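I opened a notebook page for this model. Below are my entries, in the order I looked things up.

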Amino acid sequence: MTDKACWTCRERKVFCDRTMPVCERCSRSKLPCKGYGLRLSWPKRAGRRWVVGGSPRRKELVTRSMFHLVNASFRDIQLYHYLSNEQAQCVPRISPSPNVFQKFNLDNARLNLLQYFQHHASRFLATFGYDSGYVSGMLMRMALADDSPSATAILRSLLAFSSLHCYGYQAQVVELKISALKALKFSSRSLIGAKEGVRHIGATMILCSIQTCTSDEWAAYIRSVKCIIIAESLSSEDRDSDFQILADWASYHESLGYFSAAHWSRNDTDHLTGNFCAAGLYARPDHQKAVNLLEETYNAVSAKSTRRESMEEQADYLKYLRILEFNIKKILLSNASHDGYTNTQLVSELFTLALLVYLGRATSDLLPELVDRTEQHIEKAFSIFPTLEYCDRQFPLFVLGCEARDEEQRVVFLDLVSRTQGRSQAAPLAQVEALVKASWAQSDLAGHAGLRFDYIKKLNVLISSCKVIPTFV
């Protein structure tokens, strides 16, 4: 016999004879005996035993309002302490997790990668004012035109770019990139004409696009494009539509590089020298006005700290800022409605809105009337985000993404980033996403402490916290 009743008799609340292995009462009643072993049980939700340990004392009750939850990492806290402490000297470093270096052996690699570039990877070519399909078609036409070294350089560069976005940064990308550089070197041994010079620019810009995802060597490729134009003496008669597109592409990268350098607080800022347009290398077309205004905007913001001796000089500076805002807003006059607009046109509109937000935030202490207008631009930008299939321009994503104040806006931003990166294994927006999340953390921490950080100082700290100088193309 056992000391306890069987589980069947317990549930029936009757006397159990405790006979082993099955009690006789269950046998006579023709009921299954559930035995005498241990059995796990959970209290019912409505029962008294649901709250373990009894009811909490009133003084121990914790309300949600007692806590302020912030999604912040250890490095976010480090940046917060740096921004809130005037005595801090060293800017902490932040960066996205690097891609794992893996080796892939692919069958029919060239054909598969070329098809992948045509249908998927080509949209990650950071051009401005041009459809990515048109630019990729031009590059493929150059690559497949013949078997010359310059055409081979473009082909190998395209394959490396495609491999980067298809499989991530791995051995095949490095091999194809080195092969492209060797083809360019071999092509440079003999006298080349205008056609080969344009191909050299195309291959160099593709390699530059690879470096924007992996390192800060992109600036060296921009300088190389300038050297190619000068060395080959491409006169205006030799500059066809292909040259104009490639020059616009390189100039766009250069302009965003200067934006990064303007907010890079470290000493190693000698990445870019000269300027395409200032050097007379080419004339930027009308549809690139927003890029011209970008350069003018960060130059105007940089001049904010310049000491002005007289009230007249200060008044002239404020007048210049108002004129600059008006010129930027003129680009938006034709974008009063989103109906029927292509994804490329909407991204260009976001770029212009980002310029207005950047100018408004940076100069709001001098021009208080820009505060309300800046909020309107932010609201308009976040109304565009859900309508986009993707946004492949990093500058508007960075400037506008930092303005997300509530969870709803942040989810909209992250959804757009996810749609943009899509199937790419290169994570082209990883750096921007990391910087925007760091900005959110600083805004939440400062808001809880009742602080308000200077806009330019915040951008300087965020961008300078990167391991290498970023490019927001």
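Is K13 buried or exposed? I found K13 exposed, at a relative accessible area of 76%. My cut-offs: buried is under 20% relative accessible area, exposed is over 50%, and partly exposed lies in between (1.4 Å probe, protein chains only).

**Ground rules.** I am working with a predicted model, where local features need pLDDT of at least 70, side-chain atom pairs count only at pLDDT 80 or more, and totals for chains, interfaces and linings use all residues. Residues are numbered from 1 along each chain as its sequence is written, and side-chain values use heavy atoms, with hydrogens and water left out.

**Loop residues.** K13 sits in the loop between α1 (7–12) and α2. Its phi is positive, about 60 degrees, although K13 is not a glycine. I then checked K30, in the loop between α2 and α3. Phi of K30 is also positive, near 55 degrees, and K30 is not a glycine. K30 counts as exposed, at 77% relative accessibility. G37 lies in the loop between α2 (24–28) and α3 (74–84). I noted G37 as partly exposed, with a relative accessible area of 45%.

**Whole protein.** I counted 18 helices and 0 strands. Both are DSSP runs, numbered from the N terminus: helices are H or I with at least four residues, strands are E with at least two. Of the 473 residues, 47% count as buried. The accessible surface comes to about 25100 Å², and 52% of that belongs to carbon and sulfur atoms. I took areas from the Shrake-Rupley method with a 1.4 Å probe. Among contacts between residues at least 6 apart in sequence, 73% join residues at least 24 apart. Contact means heavy atoms within 4.5 Å.

**Helix pair α12 and α13.** Two packed helices are described by the angle between their axes and the distance between the axes. Helix α12 (residues 311–332) and helix α13 (residues 343–363) have axes that come within 9 Å and cross at roughly 160 degrees. That makes α12 roughly antiparallel to α13. Angles under 35 degrees count as roughly parallel, over 145 as roughly antiparallel, 65 to 115 as roughly perpendicular and the rest as oblique. The contact includes L321, L324 and I328 of α12 and L353, L356 and L359 of α13. By class, I logged 9 nonpolar, 2 polar and 3 charged residues. Ala, Val, Leu, Ile, Met, Phe, Trp, Tyr, Cys and Pro count as nonpolar, Asp, Glu, Lys and Arg as charged, and the others, Gly among them, as polar.

**Helix pair α5 and α10.** The axes of α5 (residues 132–143) and α10 (residues 241–262) come within 11 Å and cross at roughly 120 degrees. α5 and α10 are therefore oblique to each other. Contact residues include M138 and M142 of α5, and I245 and W249 of α10. I logged 8 nonpolar, no polar and 2 charged residues there.

**Two threonines.** T204 is in helix α8 (residues 194–214). T204 is buried, with a relative accessible area of 5%. T374 is in helix α14 (residues 370–384). T374 is buried too, at 3%. Leaving out residues up to four places away in sequence, T374 touches L356, V357, G360 and R361.

Conventions
Axes fitted to C-alpha atoms, helices over the stretch in contact; angles between N-to-C directions.
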